[in-house]
Amino acid sequence: MLLKKNLPKLINFWVCFLIITFNLSITFAQTPNTSLNYQVPPKTVADLVDVPPNPTLGLSPRRTWAVLAQTNTLPSIDEISQPELRIAGIRINPRSNGPKQLFFFKKISLVKLDSQEKKEITGLPSDPQLSFANWAPDEKHFALANTTNSGIELWLVEVATAQARKLTDAKLNWALSRTLTWLSDSKTLVSLFVPENRGNVPVVQLAPNGPVVQESIGKTAPTRTFQDLLKNSYDEEVFEHYATSYIGMVSLDGKLTRIGNPGVIRNLQASPDGTTFLVQTTHKPYSYSVPSAFFPNRVELWSREGKLIRQLADLPLSEQVPVNFDSVLPGPRAYAWRSDVAATLCWAEAQDKGDATKAAEVRDKVFSLAAPFNSEPTSLASLAYRYAGSEWSDKGFALVSEFWNKTRATRTWIIKPDQANQTPSLLFDYSYEDRYADPGSRVLKQNSFGRFILMTSADAKNLYLTGEGASTEGDRPFLDRLNLETRKTERLWRSEAPYYEFPSVLLDSEAKTIITQRESKTEPPNYYIRDLANNKLQPLTNFPHPTPQFANIQKEQIRYKRADGVDLTATLYLPQGYSPKDGPLPLVMWAYPQEFKSAAAASQVTDSPYRFVRLGYFGPQFLLALGYAVLDDPTMPIIGEGDKEPNDTYLQQLVSSAQAAVDEVVRRGVADRDRIAIGGHSYGAFMTANLLAHSRLFRAGIARSGAYNRTLTPFGFQAEERTFWQAPDTYIKMSPFVHADKIKDALLIIHGQADSNPGTFPIQSERLYQAVKGLGGTVRLVMLPNEDHGYQARESILHMQWEMIQWLDKYVKNAKARE
C-alpha cells in the first residue's frame, strides 16, 4: 500500500532525476576536469602530520613482560599506490599476498614489569614492517610477521636474549585470514602459507568466451551495496590463485610441516591443546553479487596429521540473507573453541532460519561438541535474541551474551557448560545504548593454553569489570569486583579529576595491582603501575608532549539543550591565548549523527572533559593552530522511541541539534552566526550536505567520503533497516542529492578514489558535485588518488588540510555578513 500510494511521487522523481542527469552530462562534457599538484598547508599545521604516535603496549601471558611497539608515521603516496587487487569483496597486496596494510611496527622493545629492565630487540631486518607480537604461552618467545615486497615473513624473538631471527623461508598467506597461533607446547606456531609451486598469476584473456550472466528465479535476495566483487571467470581464477593456502606448523628450529591439502582456507583455529584444527574452506559456486565471506564453505575438523575427523557443515552460497540488522545467515555460525578446556568446539545456530522478521521464542541456540567429536552436539543455551559470544572460566562456569538491535537490548547469562540440563542464570540485562547502565567488560587473563579466560578471585566467587564509567560528570573509568552469588558490585577504584585514567590490565587475581593509562588536558597518555592496596602510582612510560608548542590549547566539555528538551554534549576547543575580550572567532563544528531508541539515552554525557588535547591531523583540531575555534562531536541524536523509526524525523532532529549548537557557541561569545562551518566524515559528510540543504545555519560545509543519494543504497544504510521500497519518502527526503537546488552555501567535497566502504562509492560525491554545480551552487570536488575511505598517504593528508584551510579562510574566516 505504501509503495502504491507513493508511486506517482516516485515516477515524478525519477523523471526529474533522468532529466537532471542528462542535462548534467551535457554540461560536464563541456567542462574538463583539472588536476592539481599536491599542496601543503602552513608549516604550523604540516608539522603536526609528522608527529610520531606513542608506542603501543602489550603484555605477556603471565604479565611478566611488556612489549612497547613504535609504529611508523604516515606512509607516502608512493607506498599507497603500490599494486592492489580488488576482488571478491577484499583487497589484496599481490606482492605480499596479504591485505593492504600501511601501518607497521618499526621498533620493538621489552620492559620487565617488576624491575623495569628494558631490552631493545636486535637482529631485525633494516626498515622492518612488523605486525603481530604474538606471545608463546611460556613467555620465552614471541612471533612477528614482517611484510616485504616478496611476501610476509615469519620471525621469532627470543625473550632471554632479545634476539630476533627469521624462522622460515616459507611465506604467510593472509589474503583471507590473518592467523598466527602458538600451540600450547610453546614450541610450535601454526598459520596459513603460500604454496611454493602454485605457478604464475593467470593470464588475462583478451577475447571473452561469452557474456557474463546472472539470474534470479523469483527468490527474494536483497544485498547491500558491496564493492570489489567478482566480475567474470578470470576474476575467479585470480581469486583462487591468491586465496589458496596450506596449513603449516613451524617449530622453533624452523622446521615446517605441511598439514592436509591446499585450499581456499578462510578460517583456521587450533584447539587449545593443539590436537585438532577447525578448518573452513571456501569452494564454488562463487557469486558476483556478494563478497567471498558469503561463498559456500565447508566446516571441518582435521587432525594434526591433516586427516579429516568430521565434517560439521557445508554451508551454501548466501545471497538471500534478509537485510534486517537482527537477521543472520541460516545454519551454524560463529565457530570457536572453548578456551578453558583441551578440545571442545562451540557455535551458534539460528532457530528462525536467520530471519528476524519471523516470530520466534528462541532465536539462537548455542551448541558444543567435545573430542573425540563422534557424538551428537550438546545444547548449552537457548536464546531469545542473537548470540553475541561466550566467555569461559576455569571455575566451571561461562558467560553467554545475546543482543537485539531493534530494541538495543543486551543480556548476559551464567551457564554451567559441563552440567546436563542446567538452567542459565541472568547476570546482566540492559540497553546497550544506555551508557550510564553499562556494567563494564569482564577482565580476562591467559591460561596455560595461552587462551583468554575470565579472571576470577582465588575463591572463584568474584569477577572483575572495567569500563568507561559514563556519568553526568563525563566518563570516569572504573574497576569493579562482582560477587557472583549476591550479584552486587564493589567499586575498587575510579578515575579522579583532573585525570582520565583507564585500568588496562590487572596484574593479580585479587586486583591489588593494575596497569593504567592516564592522561589529562595537558599531560599525554602514559602507562602507570597502580598499587591499589597502598595507593601508590609508579610510571611505566614517560612519553613526552607530542606538540608542546600547543600545550595551552583550551578545552571545555559543554552541555546545552535541544528545543525538544534533549540534552546535548560537545567539546569546545579554543586557541591558546584566547580571551573572551578577543571576541567571536571563526568556528568549525565537526559531527557524526547517531540513532537512538530512547531520549534519555540520547541525552547522556559523552566522553571526558579530562582527555588529552592532541592536535591530530585527520579531525578538525589542527585548525586551532590557525586561530579557529572548534566544536568537536556536538551530539546529533536521531531518536525514534517505541515503534517510531528515527529516520522518519531525521531532518527535523538534525537541524534542531545543529541550531542548538550554533545558539550555544553564539551565547558564549566564542562565535558569531556569520562565521560558522559544519563538517564531517562518512555519515558526518551526509549530515553536512543535509544541513546545507535544509538550513542556512552555516556559511560553509566540508563533506568527506560521504553518500548523498540514498536510492543508490536501496537495501538499507547506517542504522536504517527498511528498504527503499518500504520507506521511499524517507529515502528521498534524506538524500541531499535530491535537494541539491537548496544548497546555497559553499560546499567542499572530498573523497578517496579507491573508497571500499559499502555505500560510499566515489560516484556519490561526483554526482552531488555535478548537481550543485549544474544548479549554480558554490562547490568544489577533490578526489584523492588511491585513497580508501580513510585517507592515509602523507601527501593526501597535507593536501586535504590545505583544501580545508583554503575553503574555510575564503568562505568562513573572511566571509562578509549575510545581507
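The expected span of a helix is 1.5 Å times one less than its number of residues. Keep that in mind for the model on the screen, which is a predicted one.

Take helix H9, residues 762-774. H9 has 13 residues, and from its first C-alpha to its last it reaches 18 Å, close to the 18 Å expected at 1.5 Å a residue. Which residues of H9 are buried? They are Pro-762, Gln-764, Ser-765, Leu-768, Tyr-769, Gln-770, Ala-771 and Val-772. After H9 comes Gly-776, with a positive phi near 90°.

In soluble globular proteins, nonpolar side chains tend to be buried together. Here the largest nonpolar core has 61 residues, and Leu-768 is among those with the most contacts inside it, along with Leu-587, Met-589, Leu-631, Tyr-650 and Phe-698. The element that gives the most to this core is helix H6, residues 650-667, with 9 residues.

Now look at Leu-587. Leaving out residues up to four places away in sequence, Leu-587 touches Leu-572, Tyr-628, Ala-629, Leu-631, Val-665, Val-670, Ala-671, Arg-675, Ile-676 and Ala-677. There is also a second, separate core of 35 residues, including Val-49, Val-613, Leu-798 and Val-812.

Last, the surface. Val-203, Val-204 and Leu-206 make a nonpolar patch of about 360 Å². Where does Val-204 lie? Val-204 is in the loop between strand E13 (188-193) and helix H4 (233-243). Its relative accessibility is 46%, so Val-204 counts as partly exposed; the exposed class starts over 50%.

Notes:
Residues numbered from 1 in each chain as written. Predicted model: local features only at pLDDT ≥ 70, side-chain atom pairs only at ≥ 80, totals over all residues. Heavy atoms only, no water. Patch = residues over 30% accessible without salt bridge, like charges linked within 9 Å, V, L, I, M, F, W, Y side chains within 5 Å. Areas by Shrake-Rupley, 256 points an atom, 1.4 Å probe, with all protein chains shown as cover. Salt bridge = Lys/Arg side-chain N within 4 Å of Asp/Glu carboxyl O. Helix = DSSP H or I, 4+ residues; strand = E, 2+ residues; numbered from the N terminus. Buried < 20%, exposed > 50% of the residue type's maximum accessible area, 1.4 Å probe, protein only. Core = buried A, V, L, I, M, F, W, Y, C linked by side-chain atoms within 4.5 Å. Contact = heavy atoms within 4.5 Å.
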